[in-house]
Amino acid sequence: MPHNQNQNQLEKLIGVKFKDPQILNQALIHRSYLNENKNLMLLSNERYEFLGDAVLEMWISETLFKMFPHYSEGDLTNLRALIVCTQNLALVSASYNLGDYIYLSKGEETHGGRTNTSILADTFEAVLGAVFLDRGYKVSFEFLKTALSKNVTEIAKQKIYKDPKSIFQEIAQEVRGVTPHYQTISESGPDHQKTFEVGVFLNDEMIASGTGNSKQKAEENASQKASEIISG
């Protein structure tokens, strides 16, 4: 496994000292890196991302439930979706400069991978998964509290409790009088490293397409692009 010379610096940034530094190291391996380093027999960070996503959902659900006792289930769900959406997690990830520490292929790096919204968001979840594996729930939740509490408060104050798909649906209904629908255009890669491309349509017209390592993230990406197109 490669070794990140600046890993101690990253531990200071996120405020977590790892018992096993290799766990954090594993969380930083983007799948593109595997293509250029097949001889190392590495795994990508996607399993860690899967775990981090579950830890994040548990923490944010409990946090919102306690912070907003008078909110309806619908408001809590929409606020949670906005906080854990790719765009917001990428901003949080960038605040820790996680992009500087990711193992990327040369091609991915050349094409701006270190500032790519999807990669940053996925890496944040992978690092969270690593924190959980190495230090457990308590430290994981403390990390999330530090990383996201201010973010939660700011988003809640805006009173815009809508995820990207809900936002585009409102725009589409207002501008076109049509409810959008989503269609998978393609799937590529092995089962554990799939990339999905999804199109968002108004009637038979495809407004935009998006990609992601799950259909949900691809739909979210497509709806963000579509909102900009229709609003513009």
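Analyst: Axes are lines fitted to C-alpha atoms, for helices over the stretch in contact, and angles run from 0 to 180 degrees between N-to-C directions. The model is predicted.

User: At what angle do the axes of helix α4 and helix α5 cross, and is α4 parallel or oblique to α5?

Analyst: Helix α4 spans residues 46-67 and helix α5 spans residues 73-83; their axes come within 10 Å and cross at roughly 135°.

User: What is the handedness of the crossing in which α4 passes α5, and which residues of α5 does α4 meet?

Analyst: The crossing of α4 past α5 is right-handed. By class, their contact has six nonpolar, one polar and two charged residues. From α4, Glu 57, Ile 60, Ser 61, Leu 64 and Phe 65 take part, and they meet, in α5, Leu 76, Leu 79, Arg 80 and Ile 83.

User: Which element gives the largest share of the largest nonpolar core?

Analyst: That core has 48 residues, and Leu 64 is among those with the most contacts inside it, as are Ile 14, Phe 18 and Phe 124. Elements giving two or more residues to the core include α1 (7-14), α4, α5 and α8 (117-158). The largest share, 18 residues, comes from α8.

User: Which residues does Phe 18 touch, not counting residues up to four places away in sequence?

Analyst: Phe 18 is one of the residues with the most contacts inside the largest core. With residues up to four places away in sequence left out, Phe 18 touches Glu 11, Ile 23, Leu 24, Ala 130, Val 131 and Asp 134.

Conventions. Residues numbered from 1 in each chain as written. Predicted model: local features only at pLDDT ≥ 70, side-chain atom pairs only at ≥ 80, totals over all residues. Heavy atoms only, no water. Helix = DSSP H or I, 4+ residues; strand = E, 2+ residues; numbered from the N terminus. Left-handed = near helix turned anticlockwise from the far one by under 90°. Contact = heavy atoms within 4.5 Å. Nonpolar A, V, L, I, M, F, W, Y, C, P; charged D, E, K, R; others polar. Core = buried A, V, L, I, M, F, W, Y, C linked by side-chain atoms within 4.5 Å. Buried < 20%, exposed > 50% of the residue type's maximum accessible area, 1.4 Å probe, protein only.
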